[in-house]
Amino acid sequence: MSITAPVVQAPPKLSIGPIGLDVPVVLAPMAGITNTAFRRLCREFGAGLYVSEMITSRALVERTPETMRLIQHHPSETPRSIQLYGVDPATMAAAARILVEEDRTDHIDMNFGCPVPKVTRKGGGAALPWKLDLFREIVEQVVEAAGPVPVTVKMRKGIDSDHLTYLEAAKAAEGAGAAAIALHARTAADFYSGQADWSAITRLKETISSIPVLGNGDIWSGEDGVRMMDETGCDGVVVGRGCLGRPWLFGDLSAAFRVRSGELSAAEAETLRAAPSLGDVAKTLRRHTELLVEFFGDEDRACRDIRKHVAWYLKGYPAGHEVRAALSTVTSLAAMDEILASLDWSLPYPGVDAEGPRGRAGSPKNPSLPEHWLESRTLAGAGRADLADAELSHSGG
Ligand SMILES: Cc1cc2nc3c(=O)[nH]c(=O)nc-3n(C[C@H](O)[C@H](O)[C@H](O)COP(=O)(O)O)c2cc1C
């Protein structure tokens, strides 16, 4: 008879309903970016939860071919995670039922943070939590439709500094059965400007006690992720722009959190820190493109899509204007190989020049809202019909 030692499993560092994560890190949903190709690439470097691009509930219910393609995961992607956007409780619930009954996801996130004027003007995105009754109904119905699949809510602080919604909305979501709340600590009026206000994450964490609070905004390094948790007390971090052109950030985040939990020494973590040479960057850009070819099933479309990532990948590296311009118009993998071969792959990591802010920035914007939107915190039946347009032409958060 042999005696086997019991397998002792470390408790998860973050639990979202039944999903246990080894590191408290979430890839932020980013429209046009976090497709299965980019998620797979990020996952190869780290651990955590990797959320899909936003899927509009109506398009899912209508099963448009593009949406059915967007919701696909690769078998290596586990747990699977899909973000839904919508303004109508019944349509959102129907979309959630499709995802759950057809076993298409393990987690549903809901987007209530979009600041884009054409969306808020109709009462969608970051404008919606102002109508607390509608917001609560959406969360309740999606939670009910999703059954065992955990549903989380992602929001901004509010419409502007005079119309903050996050604390009340988070309480409503907690009461409606959400499994976690993620806060992008900016208002819609802030858009992507300035610094995210991490003190709002602290306040949210003080307000919500029964489910995890995830902080989001301006995490550019592993240390930033740990600092956000230490400063705000939040239970996990959501990372968006910081990983654009830097999927290895998820390796740095994993290492930084393992130092925090005592699993790694700071010296060990330092040896794991990503310091990609220009050759490593070239290989990763190539791999990203290959994964996009698999995702789109179309080399031309993949090459067109990778162009927007080129400047992020090469940020801080001494790659000349001509190479950047050529990659920004690349039309085939063979052409990409030729351009990449012209680079000096032995050039080392440039350090801070390759780090820091990237992606959307810009200045504050006066949020556009439907007429009389701010006059009451509820939205009666007739007003809801006008909301439907807020789901059209949506481009992310
Ligand atoms: C290109 C882009 C697309 C985005 N699309 C979405 C989206 O579809 N859903 C969403 O909830 N947030 C979206 N966001 C917002 C991010 O998820 C995140 O909240 C925001 O970028 C702040 O985090 P960061 O400072 O780590 O980038 C998007 C952001 C960017 C830059």
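Reader: What is the area buried between domain 1 and domain 2?

Author: First, this is a predicted model, where local features need pLDDT of at least 70, side-chain atom pairs count only at pLDDT 80 or more, and totals for chains, interfaces and linings use all residues. Residues are numbered from 1 along each chain as its sequence is written, and side-chain values use heavy atoms, leaving out hydrogens and water. Domain 1 covers 19-272 and domain 2 covers 278-351, with bounds from an automatic or database domain assignment. Taking the accessible area (1.4 Å probe) that the two parts lose on being put together, summed over both, you get about 1500 Å².

Reader: Which residue forms a salt bridge with Glu-294?

Author: A salt bridge here is a side-chain nitrogen of Lys or Arg within 4 Å of a carboxyl oxygen of Asp or Glu. The count between the two domains is three. For Glu-294, the closest N and O atoms are 2.8 Å apart, and the partner is Arg-40.

Reader: In strand 6, what is the bridge partner of Ile-55?

Author: Strands are DSSP runs (E, at least two residues), numbered from the N terminus, and two of them pair if DSSP finds at least two bridges between them. Strand 5 (residues 54-56) runs parallel to strand 6, with three bridges joining them. Ile-55 has as its partner Leu-84.

Reader: And which residue in strand 7 is the bridge partner of Gln-83?

Author: Strand 6 is also joined to strand 7 (residues 108-112) by three bridges, again running parallel. The partner of Gln-83 there is Asp-109.

How values were computed
Helices (H or I, at least four residues) and strands (E, at least two) are DSSP runs, numbered from the N terminus.
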